[in-house]
Amino acid sequence: MSDPDKTPTLAAQITPHGIGGIAVVHLAGPDAAQNLARCFANKNKAACAPPTPGEIRYGFIVARDGAILDEVLVAATSAGRYEINCHGGTATVRGVLALLRENGAEIVGPVRMLEEHGSLRGKNAIEREAYESMLGAKSLLAAQHLAAQSEGALSRTLRAVIGDIEAKNYAAAQAKTQRLLETAPFGIALARPPRVVIAGKPNAGKSSLLNAILSYERAIVSETPGTTRDILSGITLIDGIAFDFHDTAGLRRSDLHPEIQGVRRAEAAMAEADCLVYALDGSLAADQTEITALAQMAQNRRVLACLNKSDLGTNAQTAVRLEEILPEAEIRPTSCVSGTGIEELRQAIAAKCIPTRDAAPGEALLFNEKQLSVLLGARDGLLADRPAEDLPAALRGLLESERNS
Ligand SMILES: Nc1nc2c(ncn2[C@@H]2O[C@H](COP(=O)(O)OP(=O)(O)OP(=O)(O)O)[C@@H](O)[C@H]2O)c(=O)[nH]1
Ligand SMILES: [Mg+2]
């Protein structure tokens, strides 16, 4: 059993996994120097001491049986912290990490390494989560805003809200809470691109819409109804924000096993969508069952109806039926042949998913569902005549370091 009070010696690959010229492994902790000394050899392949802080040494990583694993450059970035520059390639790095483990290090991911021995040390849970989300950011805009949260933008605002509540300055706390809640759809979308599912009957033009939205031929398009079976996805940026689009099988009854499976997958994707783009061939008369189903969908989720094939003319009856169940702004005429309406559809999707996008650089943003739910609770508490005593505790819970809590 390891001593829980003792900081462990950790090893982590901090460059991405895959094939590359160089891979960097970090080794840090109280036993890092001994660990490295057991497997590091100099240019003459003789055992040698690891470098001292500020020094870089050329040498080899040598297995216990004397086999050379890799030719490396080892830098000591500070006392007990080493950067081993190995040759890239999954097998080499795996071998080096396995040897460091045999020598006593715990193998961890880059975020854990940063938490224990790097720039995440001292950050609270929110700041670490922001950092982790920033590593997976799909756009520069997302990376910038998440970096600001990692640097403390949201933590500072939450502390200010707690301070306002403790000083019984409820109006100020309410105003800050309200602003944070407004930012949530934007912040959450930056941390996890909204899932937009394109659904509808076979041949409505769903795959054509996906291709037009992504601006490349992601999906097979054909005049044969029932072409798409599997879910096809693609990420694209709209005004600098990433959206995750999914094309699905046309919804219809079928006796064919693959098509039945396709429709099941489509329905499952629709259930998980942040926004549903329901495509209709707008040149044809829509059937009432489809309109009724669409009206039901629109009751509990974000839905946009797409009257596709507008270049073939729009069936007046279909347009009227849609207007009976959806606001005009949510009915988008499009043509995948001429491109008409595609940019407007993209903008409508972005507006539907993210009503407020006016966050200033560096502004505090809520960026995950847990934060949203705590802040919704805080707002309700603040709206009550006497705000609950435990409100500051709930907000503080977000800030606490998960590892120490
Ligand atoms: N005129 C016209 N034809 C279109 C338009 N969009 C798609 N089509 C055509 O309609 C047919 C079906 O298009 P798809 O994009 O494959 O339709 P889908 O909804 O994905 O069909 P399934 O995968 O079978 O469910 C193809 O022949 C397309 O070229 C459009 O806006 N105008
Ligand atoms: Mg298709």
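Q: In the loop between which two elements is the place of Lys309?
A: The model is a predicted one. Lys309 is not a glycine, yet its phi is positive, at about 65°. Its place in the chain is the loop between β12 (303-308) and α11 (316-325).

Q: Does Lys309 count as buried or exposed, and on what neighbour count?
A: A residue is buried if 20 or more other C-beta atoms lie within 10 Å of its own. Lys309 has 24 C-beta neighbours inside 10 Å, so Lys309 counts as buried.

Q: Where is Lys45, a residue other than glycine with a positive phi?
A: The phi of Lys45 is near 65°. Lys45 sits in a loop, and the strands on either side of that loop are β3 (40-41) and β4 (56-62).

Q: Which helix gives the most residues to the shell around ligand 1?
A: There are 22 residues around ligand 1, and those that come nearest are Gly205, Ser207, Ser208, Thr228 and Gly250. The element that gives the most to this shell, with 3 residues, is helix α8 (residues 206-214).

Q: How many residues of the shell around ligand 1 are polar?
A: The shell has 22 residues. Of these, 7 are nonpolar and 4 are charged, while the polar ones number 11.

Q: How far apart are the C-alpha centres of domain 1 and domain 2?
A: The domain assignment gives domain 1 as 10-117 and domain 3 as 195-353. Domain 2 is made of two segments, 125-183 and 362-399. Between the C-alpha centres of domain 1 and domain 2 the distance is 39 Å.

Q: What radius of gyration does the chain have, against that of a compact globule of 405 residues?
A: Along the principal axes, the C-alpha atoms of the chain fill a box of roughly 85 × 60 × 35 Å. A compact globule of 405 residues would have a radius of gyration near 22 Å, whereas the chain has 28 Å.

Q: Of the contacts between residues at least 6 apart in sequence, what percentage join residues at least 24 apart?
A: The chain holds 14 helices and 13 strands, and 38% of its 405 residues count as buried. Among the contacts between residues at least 6 apart in sequence, the share that joins residues at least 24 apart is 64%.

Note on methods: Residues are numbered from 1 along each chain as its sequence is written. Chains are lettered from A and ligands numbered from 1 in the order in which they are written. This is a predicted model: local features need pLDDT of at least 70, side-chain atom pairs count only at pLDDT 80 or more; totals for chains, interfaces and linings use all residues. A residue is near a molecule or strand if its C-beta atom, placed from the backbone, lies within 6 Å of it. Helices (H or I, at least four residues) and strands (E, at least two) are DSSP runs, numbered from the N terminus. Ala, Val, Leu, Ile, Met, Phe, Trp, Tyr, Cys and Pro count as nonpolar, Asp, Glu, Lys and Arg as charged, and the others, Gly among them, as polar. Domain bounds come from an automatic or database domain assignment. The radius of gyration is taken over C-alpha atoms; the globule rule is 2.2 Å times the number of residues to the power 0.38. A residue is buried if 20 or more other C-beta atoms lie within 10 Å of its own, exposed if 12 or fewer, and partly exposed in between; C-beta atoms are placed from the backbone. Two residues are in contact if their C-beta atoms, placed from the backbone, lie within 7 Å.
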